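Biologist: I have the sequence and the structure open. Can you walk me through them in plain words?

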Amino acid sequence: MDLVRLVLGGLGMIGWLRRHADAFRGRGDSAPTVPPMDGALRPNTLLETARVLLRIDAPDSLVATRDGVLFSSSAGVFRLDPQSGTVASVRRFEHAVTCVASSDEVLAVGLEDGSIRLCRAGHDLPALVTLGGQRLVCPTALAFRDPTTLIVCQGSARNSPNHWKHDLMQRESSGSVWQVSITDGTSRRLAGGLAFPYGAALGNGDVVICESWRHRLLRLSDGSATPVLSDLPGYPARLVAAGDGGFWLSVFAPRSQLIEFVLGETAYRERMMRELAPEHWVAPSLSPALSFLEPMQGGALRSHGILKAWSPTRSYGLLVRLDARLQPIASFHSRADGRHHGVTSCVEIGSQILVSSKGGNAILALPAAAGDTP
Amino acid sequence: MTSDLYAKWRYRLIPYHIVGELLAKSWIDSAIPFLILFLVLAIFGSLVPNLLALGNMSDLSRTAGEYLLIGLGLTIVVMAGGIDLSIGSVFALANLLILAVGGFVGLPLWLAIPVVVLLGGLIGLINGILIGYLRLRAFLTTLVTLIVVRAVVDTLLLSYSRQISSVDIQSAVWDFLAFGDIIGVSASFIVAIALAIAAHFCLTRLRPGWHILAVGGSRRAAHNAGIDVRRTVCLTYVLSGMLSSMAGIFYAARLASLGNDTGVGLEITILTAVVLGGTSLGGGRGSVFKTFLGVIIVVIITNSLIRLSLPSGASSLALGTILLLAVAIDVRWLKNRRKVLANAYVSPTYFALPPLQSAAPGSDSPYAINSALSVAEPIGLGVVDGPEDIILDDDGNLYCGSRDGDILRFFAPDHQRSEIYAHIGGQTLGLAFDRDGNLLTCVGGMGLYKVTKQREVIKLSDETNRTLFSVIDDSRMRLADDLDIAPDGRVFFSEATIRYEMHDWIIDALEGRGNGRIICYDSRDGSSKTVISKLQFPNGICMVPDGESFLFAETWGCRISRHWFAGANAGRTEAVIADLPGYPDNINRSSRGTFWCGIIGMRAPAFDIAQRMPGFRRRMVMRIARDEWLYPNMNTGGVVEFDLTGTVVSSLWDQGGERHPQVTSVREHKGYLYLGGIFNNRIGRYRIPGADPEWTSSASYWGASA
């Protein structure tokens, strides 16, 4: 019996059998359970009641440069004045902007068509269109390691950034993280086979990335990727360093039992993707439900005129403050009955934290002291 | 597509839902011992020659009759929560006493037998007093009685065995008791069966039997309910003693032996039979039939093992192993029965809806969503809880149902002041006035009720005819929903589902089965009869002014149909609107010859796909929490106006869902539309542009009042 077990185990059969048995019965790793929002992630309404600095369509990619705060909205990059909320256009592109990063001289802008423009005062550097010989498809996050080295996250090798819902529902894990030299265009792959890396930041000299579909943060060092924060109750987006060595993590959509369940139901998922428009899928969403054609879950039934704050929801607003060891210490929420959902990026500037609510079409301002440990 | 075709035929041909309905039956507990009996008969019937031959059956029935008598007594004691280990010793004592009293002392049988039975009852009384009245532990007390009575038997045997065995009882009756046969089974078996039937009758239909089960179920609760617990417990031991001595009499007739190992170990065998049958040793659960099955199994096994010439210990070993297995299976079954039932009962089926029509705001579809109802004024905001239906009388007072089972009345003309008009219970749903001004209502969970003008609540109907081949007992009503009254006074009302209680309405939606029906109540003779069955959540009912037909809505079927109950077309049903983009609820007349229908929610494409994939819905129900289930989208609702040809004339919605997310009922009265919602805390009042300001529903039904 031991010999048999040894042989089987050696072939990895037990693990394979268990995974398939679990998937069949919906148990173990295939269980549609979701970690609760508790401890530092206890729900509140701080994001919902935050001051709205600017209302604009789908703001994203807030970044602090030496010229001020920049953000992107559809195909343009704009400058925002944090005090008055006035907006000035900086650059317009032919395709929608997906991510922005800035060093002192260069502004790196990732576009929907897969190219990364390197904008400089004077004339631009040549754009990046390939990574390691293959075409860039999906730039989701950019971070400058030093003025000539850019960390690029490619979310997926198959889907473009605005098809992120397709990528999740197809259960893709073809993303990768690259280190690119902007002077000569050479690139080196830091990690591959990732499930939609959506955020990158530098911490202790290592690159820390957010792997969205596996709802965790990874630290990349010496060619290996170690999880540092797992079992998040949502899908993480951008990661940005805070002043005191900690980080700000945006979570753009919540996990829910129904979506976890649908991810395990191949026939239903394929049919849904084939027959319906993405807005009507049983999938996470950046913005709160607009139309009756979107799927509804039982707890979201309006009773006595109230949509309960803890209803199951496909969109949510969540910003998490992490400490230097990447553990959550505080969080800001916009719950099921709120509108400031789909938080994709934030930036710390002066005494404020600016947060872009892509699903709520607003840029919010939180006081900086809110992020301190209580 | 092929998977759809396969799903459609698979779910139509295989009645999988019957599995769950069978498991929900109360007699399903007996299924396991029945199965074991079947297995035993099959196994031993093939191993042992002539097991089932008539002669062997007759022999078996003698032992079975005795065991059944004792088993009956032990079952009664166990059902009351106790245990009687002294049955073997009482059996031996009765054996000795009948031979002594009937033979040696010479009393005639008609005296001797009752005396011995009463003496057995006396020992049972001792047990009963000690356990019932003095509250001693049953196990220890009956163990002591076992030892004491065994000692008595041994002493008597030592002193008198020679005298007793010297005299035989000469009597034809005695011989008949021993060796007689009626239709191939022994007298002891006949007597045992007769007593078993009487015991079953008493336990299930007479008060003393209910008391025994109540005491076994919970002593404290039985005591609080006023049952004399001590007397009941004592009675069970007396019965056990009497039945054991009766068995001993039959044994004495059969063997006339005075061995000192009579009845030794008998209590174990009988206990095995009782537990094998499925009677719970904790008390409160069990039946005579289960013991009967257990006894038959034990007798067949013992007899077969003897005939197979196995060594002497094998019989006990086999019985012990079988007991172990039976107890293990039974305990697991008792513990997991609810879970198995919950998993097996939900049986979604394939349901393909017609293609979804557009209801996009601003489009030219007649269903185009608008915000007309978002300005409806609230009535009773915060006062009402779940007014599913509303109706107004001739004076303009507004009546509505509520989740608490009340009917509330809001006084005309401004509907600010309210009072509880009547309290019925359940959840008051559909409302209608009859010709004399009595208010009839369908009460969810209870049936069809009437509130007279003097506010007296009368039950009209809560029972209808039972469908012949339905596993579920559908003679009772679970969710009477809406009603309407025909010109001749007959009441047609809908019962939304026969498979689920009211609070599980969403599971019925996820099943997509035709679980509902429409029932006709005839007030002339008080009878109720099912008129149409197998409907998908029939909800609103509305009489067509021709007096021969009515419209009805099937909520999860997304259709409105018309049924003729009188006239040339009587019995015909046809669809009026077959492809609504939403879920229809109650239907009522309008002033323009058309009809208003409340729409409780809108079809969403993701849910429509799920309705074609029953396996997906079933796994969803079993694996994720109820609040997380994919629901029909019920946060957008409104009102649709249509005519008898199926043309949609207009529609009114509350797009934001702030005031009226689900509209379950809509009633026109004097130019206004009154809106009800089953999950709402308000009634809405909406001014219909250009509507007849004098039109009332009761005038339309019964003519203008004087």
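Biologist: What should I know about the model and its labels?

Modeller: This is a predicted model, where local features need pLDDT of at least 70 and side-chain atom pairs count only at pLDDT 80 or more, while totals for chains, interfaces and linings use all residues. Residues are numbered from 1 along each chain as its sequence is written, chains are lettered from A and ligands numbered from 1 in the order in which they are written, and side-chain values use heavy atoms, without hydrogens and water.

Biologist: Back to B:H415. Where does it lie?

Modeller: B:H415 lies in the loop between β6 and β7 of chain B. Helices (H or I, at least four residues) and strands (E, at least two) are DSSP runs, numbered from the N terminus. Phi of B:H415 is near 55 degrees, a positive value in a residue other than glycine.

Biologist: Which residues does a cis peptide bond join?

Modeller: B:A412 and B:P413, with omega about 0 degrees. B:P413 is in the loop between β6 (406-410) and β7 (418-423) of chain B.

Biologist: And what about phi of B:A256?

Modeller: Phi of B:A256 is positive too, near 50 degrees. B:A256 sits in the loop between α12 (229-255) and α13 (266-277) of chain B and is partly exposed at 45% relative accessibility.

Biologist: New topic. How many salt bridges are there over all chains?

Modeller: The search finds 41. A salt bridge here is a side-chain nitrogen of Lys or Arg within 4 Å of a carboxyl oxygen of Asp or Glu.

Biologist: Which residue forms one with B:D4?

Modeller: B:R612 does, and the closest N and O atoms are 3.3 Å apart. B:R612 lies in the loop between α17 (605-611) and α18 (614-623), and B:D4 in helix α1 (residues 2-13), both of chain B, so the pair ties together parts that are 608 residues apart in sequence.

Biologist: Is B:D4 buried or exposed?

Modeller: B:D4 is buried, at 8%, whereas B:R612 is partly exposed, at 25%.

Biologist: Which residues gather in the patch of positive charge?

Modeller: A:R25, A:R27, B:R332, B:K335 and B:K339 gather there, on the surface. Patches are made of residues with over 30% relative accessible area and no salt bridge; like charges are joined within 9 Å, nonpolar side chains (Val, Leu, Ile, Met, Phe, Trp, Tyr) within 5 Å. Lys and Arg count as positive and Asp and Glu as negative, with His and the chain ends not counted. The place of a charge is NZ of Lys, CZ of Arg, CG of Asp or CD of Glu.

Biologist: Which helix gives the largest share of the positive patch?

Modeller: Helix α15 (residues 312-345) of chain B, with 3 residues. B:R332 is in helix α15 and is exposed at 56%.

Biologist: Last one: how many helices and strands are in chain A?

Modeller: Chain A has 5 helices and 27 strands. Buried residues make up 54% of its 374 residues.

Notes: Areas by Shrake-Rupley, 256 points an atom, 1.4 Å probe, with all protein chains shown as cover. Buried < 20%, exposed > 50% of the residue type's maximum accessible area, 1.4 Å probe, protein only.
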